[in-house]
Structures are given as C-alpha cells and as structure tokens.
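This is a short tour to follow in a viewer, one selection at a time. Please open the model and keep the selection tool at hand.

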Amino acid sequence: MSKNLVIVESPAKAKTIEGYLGKEYTVKSSFGHVRDLATKDLSIDVEHDFKPLYEIMPDKLKMIKDLKKLADSSEIIWLATDEDREGEAISWHLSEVLGLKPANTRRIVFHEITKTAITEAILHPRSIDQNLVDAQQARRVLDRLVGFELSPILWKKVKPSLSAGRVQSVAVRLIVEREEDIRAFNSTFAFKVTGIFDVENEFGKATIKADLPKRYATSAEAKAFLEICSNATFTVADIETKPAKRSPAPPFTTSTLPQEASRKLSFSVSRTMTVAQQLYEAGKITYMRTDSVHLSLTALGMAKEEIVRSYGQEYHKSRQFTTKSKGAQEAHEAIRPTYLNQSAVDGDASQRRLYELIWKRTIASQMADAALEKTNIYINISTSKEQFVAMGEVIKFEGFLKVYLESTDDESEKEEGLLPQLKKGELLGMNEITAVQKFAQPPARYNEASLVKKMEELGIGRPSTYAPTISTIQKREYVVKEDREGASREFEQLTLRAGKVKSAIRIEKFGFEKNKLFPTDIGELVTRFLMQSFIDIMDYNFTANVEKEFDEIAEGLQEWNHIIRDFYGPFHRKVTEALESKERAKGEKLLGPDPKSGKNVYVKIGRYGSMAQIGETESEEKPRFAGLRKGQSIESISLEEALKLFDFPRPIGEFEGGEMIVGIGRFGPYVLHNKKFYSLKKTDDPVTLTADEAIDLIVEKRVVEANRTISEFVERPDVKVLNGRFGPYISIGKENYKIPKGSAPASLSLNECLEIAKSAPPSAKKKGFVKRGKK
DNA sequence: CAGTGAGCGAGCTTCCGCTTGACTT
C-alpha cells in the first residue's frame, strides 16, 4: 500500500499523473461529482436555511467504497480536483464521504499536466476553500429550486413530463425569438449595380469587375442609371493601396471547436464532443471541456519549435490569448494537441479530421500575422457623379494563412482577388453593366453550433453541458433540428450591353435550411407561458446576475443561504400564484369554419401534441379530433390542410381478401391490412396513395420479415437468432442479446444461445441508470 | 410501436454540472 493517495476527476488524467509521481503515490479518479442532491423531490429544507440533503450518486457507491479503503490506509490524501467552483465542491464532498481528517488531507491544484507543475503543486498544498464550496452549493440549490418548482407548473398547466430550467428554458427562448424575428421580417429589396470593364494597356488585356456603392430602390431608377451609362466614358479616377494585416484566431474551446467542426467538417455538436473525448482518452489532445484559450508554456515552446522547423523563423509569433466569455472558470487549458510535433494521428476518419483541425488551429494561433495589400480602384462615369469601386486584396506574406483560416457562417463572402494593373486617368471599355434586384436576408436560424456560441456569449451553461442541453431541448420536443425546403421567387435583372438596356425576370431559390433548429408548437407555448410569469428567470442576463452573487459568496462577502433566501421568497410566491391563477394553456387558434358542417375548426395542443378539432368542446355533440402531422405546426397550418387530416382513416381497396386502410398514427402514416401495420415511405403521400402502392408496401415488408429470421429452434420457439438494425442478435422472449465477436450467427446452437444469454451482463435499463434526457 | 384528445384520479415526470462507459433492435 502506498503512502499517498491522490484523487483527480478524470481517469485519463489519473493515469498520466501516476507516471509522474512514482510508486509512493497511488492516483485515483472520482469520475466527476460523487454526491448530489437526492433525486427525490426538492431535497432542500426550505424551512431551515435551505439545508441540502445530499446522497452519494448510485453509480458511484462502489467507487467510493474502494476509495475509502485506500484513504484509510494512506498517510496523506491529496485532493487534486479541478481548480474551479465545481472542482472545489468535489473535493469537499469527497472529504465528507470519505471521512477525511484535516490533519492528513491536502488540497492541491495544477494548471497543466507536467511533472514540474505537479511536483510544484505538491510543495504548495492548501486546505479546502469553504467559500468556493458554498458558492457551488448556492448554484446547485438554485438550479434545483428553479427546475423542480417550474417543471410541475408546466405539468399541470401545459402537458405532463415537460421541464423548465435556468439554462434550457433560455436556450429555447433564443430559438423561439429568432423564429419570431424571421416571421416578422419584411424582405425589402434594392438594385445592386455591377460593371465589368475591359482593360487594354501595356501590361496586357484583362477585365475588371466593380460595384456601385449606391443602390437603387426601384427598377425604374436602376434603369435610368443604366441608360445614363450607355453612352458614358469610364476612366480610372484613383487607385488606393494600403497595407492590412490579418491575425489568427485563438486556440479552440468547447464553444469554438464545435462551431468550426460544424462549418468545416459538418459534424453535429455531440459528434464533435464524442470524437474529442476519444482523442483525449488516447492522450492525443488536452481536455475538451474548457472555456479557456490559455496555452501552457510547454505548449508555446512546442509550437515554436514546430513552426520554426516546418516553416521558418519568420512564421513564428508567440501569442497568449485572454478569455473573454462571461462566467469562464478556466480550470483547464485551451483544447490543443498534446504533442504539437504530431500533425496527424492514427484513428478513424472522424478522429483524424478533428485532430487535424485542432492541430492547425493551435499551430496557426502561434504564427505570424498575414500581411495583405488592399487595393481600391475608383472609376469615374462621364455622365454621372457616381463612381464604381473595384476592391482587390493581395497576400504579401502568408503568415498563419499557410496553415489555417477560420470559416464564417456567412456564406455570401466576397472573393477579393488580384486586380489588373492600371494607371490613373486610364480609359476603360465598358463590357456590360447589370442591375440585379437583391432581397434582404432575414436573421439566420441557429444551428447547434451557433446556439452553443450564443449560449457561451450569454454565459448560459458550461462546457460540460452545452451538448447535453441541446439534446435535452430536442428530446423534450421544444425544438427540432431539420431541413426545410426553400421557396422560389422572381427577381429582375437589367443588363446594359452594346448600348441597350434589357430587362429579364429570373427565378432564384431562397430560404433553404439544412440542420437548423426550429421551435415546435410546444416550445413556443411553453416559452410564452414562462415569459408571462417568470420574466426574470427567462431574462438573458439572469445567469450573469446570479453569477455575480456566487462570486461574492466565493469571496466570503455573502452567506450562500442568504442569497438563496432573497431569491426564493419572491420566486416561490410567483410559483404559487401561477398554480392558482393561470388557466391551462392550450395555444388554441381558430382557423375558420368547416365548409361541410359549418362548425369551427381549431388547432391546439393536447395531451399528445398538436391537434386539429372540429366543433366545440363545450357543446353537446362531441368534437372530432385529428393529430397534426410531422412538419405541420399550429403557427403555419392552413384551414385546408387541417381539414385534410379528417379524411383518415381512408379505405383504399382490398388485398388477399382483406381491406386496406390508410391512416395517420403517432408514428406517421400507415396502411392497415389484416391487423398488420405497414409504414408509408417518406416519399409516399397518404392523401393520394393507391391500392397498388399499398400492396407494394405490404409485399416489401414481408420480404424483409422473411429475411429477418436467421434461425429458430423447435424446442424453444421463444429463442430466435434475428437480423436487426445493428446486425444479427439473439432474441429470447422480450430480452435481446448481443452475439460475441467471432461466433457465426447462423451456426449458433440453441445451447450456445442460452449460454450467451446467461453470461450477458444485466440490462442497463434498471432504474437509476437511465441517462438524463433519454426517454 | 399504431389510431389517443372530455373528466376523474392514481402515479409518474423535472433541474445543472462534473465525469465515463455500456449498449441499443
């Protein structure tokens, strides 16, 4: 048994550190938090200074038992959790549950995982900072109070199983409000004039493209301008060149990495985080959940060496960036390769690509500025006071651009290249001038990565929760991520060529969206509901404001339960008020009368989601109901579309003596035949589906079913080897089992199947192990 | 997996932040 026990948060870190410390030290990890508020009810004694009721998390019980054994037999216990609020709290909870004594307990922190940093930390231990721990308790208690008092209001007043919280509700609000802005957006237009001119001088022949800074509001004005140009001469009025520089972006954090991985690699936020985790565990990159852009001295040194070696001294420039985001805690470094001389790693394609991105970004951040030369050429029009301007950009020294350039979300980036050589006063030949009707763009919808960016800006959520929060608001069906078809519109293009102005009407596509976040009916309804009664919690600055209070607790200027008391009083009154006074929110909307019956047609939110209704709920005669289909919403559905929903179920013919009926169910449109259900394909339309198409569906499914069974056993009809979505598996009754690698599924005997089932680990679906956010 | 929606009432749901696996049909 070694003399010293060191406890860190992550097992990967523990492994590395153990190597640095030698055999006098055993290094273990806590796997994050070990104790939390009990899961049942509030678990906060509101009457007695908000005393929290803590409980060891069920999946940590065994680990704590093992740690306790080790701690009891060690001379000194070193608590080396992260140096931030949550890390301090983990150390405190550990010392409580392990029964550590101050005499032989040391709290240490280090900022980078190197032998020097760790030995240095061991030389300068301190004790647990109770103020910082209290700031964390305040954070934890506040989140529980908000979440567990708001959610039940939604269950009663909107729909069961909904949730609300300090972070998720504000994230949903961002998406709802962006959608409202887009709906309210009035697309104005203006005519943009561009000229193409011919150049012919001692440097050769070329063309030059130049824009008119002035835009014209109407087609008539644009046309008048082109006509003025038709017999004008064009001369170079002025040539302006000025040097410019461009600097590299800071190294990655948990917010910027998914943004770039989304833009450059089309990764979702969760995929980026999963792959980054794999790289971290393989020792390839530093920790991936960080809000810091700081690089260690070791990293700076490695970067310099690599850059000088590969590109030369003049490409290197040492930079240290400072973190600007609200509420950053900086317990870690920026995300960077562990070894900067490795520009590539082994692994699957995702790992290699993400690593390359991280490597380039880190290296570029330590490289020299790019030197540019910007050129503006102004072109006079003999018949007008307006001027055309051509803009060009030439790279004089690549600097960091040799390695990496950050992308932007704005796709309409200007390409500014090299301009032909010209002289002041030179005459240009007019090739053509166009005036194109350009529509203004509405605000852009969020995608996952840009939502993370916005949340970081507002200080909402933490690096470890960005990805889970995004999946929570989708699982609760407040938000959907999807593609939407755009629409087409006409625009006018006027062209001046050979002295004549011609007008053409063209068609452009616009509004196409891919993988964007849209609010659902329920998301909009819940946001509206919470905004009415809990505007302060929905405020974009709520988190930033409470963070200031937590900081005061951390500095010892305030008692944590006083802060909570001041918050809880008014908050709880509003909760009671909302429960007593507010009506059930249904988001009901009247679409108009049903032409057949004359009764009103409504859309509203019911227990199972959005639905349409014909007739009144209060009337003697029961109303008819029909669920809205996927992609339809209360906000956008028309009366005609709503009425179509009542055409189901619809008989469409017979097959093998049984009637076929098309219907729309919870899982989308289907055909019912002989008590069996057949889902329609995405391309099939339930309104127009014919009997022949339905028969195709039935036959097709039968083929799949026939291929599903690999083997059956006469002795045990409940045991089967089947083909599933994830490959072959064994099904016994209602349980399914994985087939171990190396055994051929088709040749498994009944005994072998039963053996596999027996030795299989127990199902993880037991209570208490269901992951957050999953249903 | 499969067609609900009124109202009654049982018993359930829910937060954020720190960490990894286990395992899906």
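Begin with strands β12 and β13 (residues 384-397): eleven bridges join them, and they run antiparallel. This is a predicted model. To see one of these pairings, select Asn 376, whose bridge partner in β13 is Met 391. Next, look at the turn between the strands: β12 and β13 form a hairpin, with two residues between them.

Pick Phe 234 and look across to β12, where its bridge partner is Ile 381.

Now clear the selection and move to the helices. Select α6 (residues 168-184) and α14 (residues 521-533), which pack with their axes 9 Å apart at an angle of about 110 degrees. Angles of 65 to 115 degrees count as roughly perpendicular, so α6 and α14 are roughly perpendicular to each other. Show the side chains where they meet: α6 contributes Ser 169, Val 172, Arg 173, Val 176, Glu 177 and Arg 183, while α14 contributes Gly 523, Glu 524, Thr 527, Leu 530 and Met 531. Coloured by type, the residues of this contact come out as four nonpolar, three polar and four charged.

Finally, zoom out to the whole of chain A. The chain has 20 helices and 30 strands, and its C-alpha trace spans about 95 × 80 × 65 Å along the principal axes. Of its 775 residues, 46% are buried. The accessible surface is about 42000 Å², with 51% belonging to carbon and sulfur atoms.

How values were computed:
Residues are numbered from 1 along each chain as its sequence is written. Chains are lettered from A and ligands numbered from 1 in the order in which they are written. This is a predicted model: local features need pLDDT of at least 70, side-chain atom pairs count only at pLDDT 80 or more; totals for chains, interfaces and linings use all residues. Side-chain values use heavy atoms; hydrogens and water are left out. Axes are lines fitted to C-alpha atoms, for helices over the stretch in contact, and angles run from 0 to 180 degrees between N-to-C directions. Helices (H or I, at least four residues) and strands (E, at least two) are DSSP runs, numbered from the N terminus. Angles under 35 degrees count as roughly parallel, over 145 as roughly antiparallel, 65 to 115 as roughly perpendicular and the rest as oblique. Contact means heavy atoms within 4.5 Å. Ala, Val, Leu, Ile, Met, Phe, Trp, Tyr, Cys and Pro count as nonpolar, Asp, Glu, Lys and Arg as charged, and the others, Gly among them, as polar. Two strands pair if DSSP finds at least two bridges between them. Buried means under 20% relative accessible area, exposed over 50%, partly exposed in between (1.4 Å probe, protein chains only). Accessible areas come from the Shrake-Rupley method with a 1.4 Å probe; for residues, only the protein chains shown count as cover.
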